[in-house]
Amino acid sequence: MNILAIFAHPDDLTIYCSGTLARWAEEGHSIFALCCTKGEVGTLRRDLTKEKVAEMRLKELMAANLIIGVEETIVLDYPDAGFISGPDLREKLIFYVRKIKADRVITFDPWVNYEVHPDHVIVGRMAAEAAAFSAFPLLYPDQLKEGIEPYKCSEVWLMGQLGHQPNYFVDITTTLEKKVNAALKFEATLELLAQLFAPNIDPANVSPDELKKLNKYANRLLRSIASAIGKNINLKAAEAFFVQKTLPGHFDNFQQQLSEMLGNPSEQPKIY
Ligand SMILES: [Zn+2]
């Protein structure tokens with residue numbers, strides 16, 4: 001299968017789904033990573049320029065993707081925390097779904113509540129639409145040249161904080177090491193999220209010694225999150241998803257929606 005991970009910032013995919021991507025890569029699937037921004041505002045430090053931050057974060061992204069087994073990384077240059085044009089992004093993402101012949105798209109859940117980051121919402125929404133609409137030949141017909149054909153992407157895997165109970169858990173016991181190692185490549189993220197691990201560390205001014213500490217705390221946190229997600233379903237480590245199959249222009253979920261509307265319990269989650 002060709003699997004396309006579509007995310008907003010260089011560090012997103014490692015945190016939410018790299019254990020799963022690493023497993024799929026080990027199983028022989030081709031993994032493509034598409035990052036919509038360079039993450040150039042992702043710091044509280046005052047001594048850096050956007051160019052410098054983008055350069056650091058892209059280097060971290062490439063190092064992480066090497067560990068995960070990503071075959072190709074594509075970086076678009078939409079503004080980080082700016083206003084990404086939905087129609088423009090959708091057209092571009094449909095182009096990549098067609099070009100890569102993506103059978104599965106993995107992205108943010110854009111229907112989650114209390115997500116304040118506009119990039120996560122718009123990227124998730126447009127990525128989901130790209131998966132559901134890339135098969136329509138009359139949509140963006142100008143793309144259909146030089147071997148690019150309409151393509152039916154059959155599944156969308158929504159990652160991260162979900163607007164829905166997970167319906168899939170992926171056992172990442174064997175790839176947790178890769179996930180942790182890949183995530184710890186993102187030093188700029190460790191600094192930015194310093195308050196999450198250590199309230200006393202100033203995220204705008206992290207010393208090398210403090211960075212080592214943050215690294216240790218993040219390592220522990222990533223493992224405990226994976227184990228907390230796995231606990232419910234008796235796995236040592238897991239990542240959670242809400243998976244939707246696609247029909248042209250829709251998610252293939254009419255039966256499930258009807259059943260839930262009538263008050264029936266949702267289906268038991270599957271384990272991969
Ligand atoms: Zn992000």
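Gly-82 sits in the loop between strand E3 (72–78) and helix H3. Helices here are DSSP runs of H or I with at least four residues, strands are runs of E with at least two, and both are numbered from the N terminus. Is Gly-82 buried or exposed? Gly-82 is exposed, because 12 other C-beta atoms lie within 10 Å. The cut-offs are these: 20 or more other C-beta atoms within 10 Å of a residue's own means buried, 12 or fewer means exposed, and in between is partly exposed, with C-beta atoms placed from the backbone. The C-alpha atom of Gly-82 is separated by 7.7 Å from that of Asp-119, and the two residues are 37 apart along the chain.

A word on where this comes from. This is a predicted model, in which local features need pLDDT of at least 70, side-chain atom pairs count only at pLDDT 80 or more, and totals for chains, interfaces and linings use all residues. Residues are numbered from 1 along each chain as its sequence is written.

Ala-81 is in the loop between E3 and H3 too. Its phi is near 55 degrees, which is a positive value in a residue other than glycine. Most residues other than glycine have a negative phi. Ala-81 counts as partly exposed, because it has 15 C-beta neighbours inside 10 Å. Asn-234 also has a positive phi, near 55 degrees. Asn-234 lies in the loop between helix H8 (208–231) and strand E7 (238–247). With 9 C-beta neighbours inside 10 Å, Asn-234 counts as exposed.

Now the helix pairs. Two packed helices are described by the angle between their axes and the distance between the axes. Axes are lines fitted to C-alpha atoms, for helices over the stretch in contact, and the angles run from 0 to 180 degrees between N-to-C directions.

How do H3 and H4 cross? The axes of H3 (residues 86–100) and H4 (residues 118–133) come within 8 Å and cross at roughly 45 degrees. H3 and H4 are therefore oblique to each other; angles under 35 degrees count as roughly parallel, over 145 as roughly antiparallel, 65 to 115 as roughly perpendicular, and the rest as oblique. Residues in the contact include Leu-89, Leu-93 and Val-97 of H3, and Ile-122, Met-126 and Phe-133 of H4. Two residues are in contact if their C-beta atoms, placed from the backbone, lie within 7 Å. By class, this contact has 10 nonpolar, one polar and two charged residues. Ala, Val, Leu, Ile, Met, Phe, Trp, Tyr, Cys and Pro count as nonpolar, Asp, Glu, Lys and Arg as charged, and the others, Gly among them, as polar.

The second pair is H1 (residues 12–26) and H5 (residues 176–183), whose axes come within 8 Å and cross at roughly 140 degrees. That makes H1 oblique to H5. The crossing of H1 and H5 is right-handed. Among the contact residues are Ile-15 and Ala-22 of H1, and Leu-176 and Lys-179 of H5. The contact of H1 with H5 has five nonpolar, three polar and two charged residues.

Last, the whole chain. The secondary structure comes to nine helices and nine strands. Buried residues make up 44% of the 272 residues. The C-alpha trace spans about 55 × 45 × 35 Å along its principal axes.

Terms used. Left-handed = near helix turned anticlockwise from the far one by under 90°.
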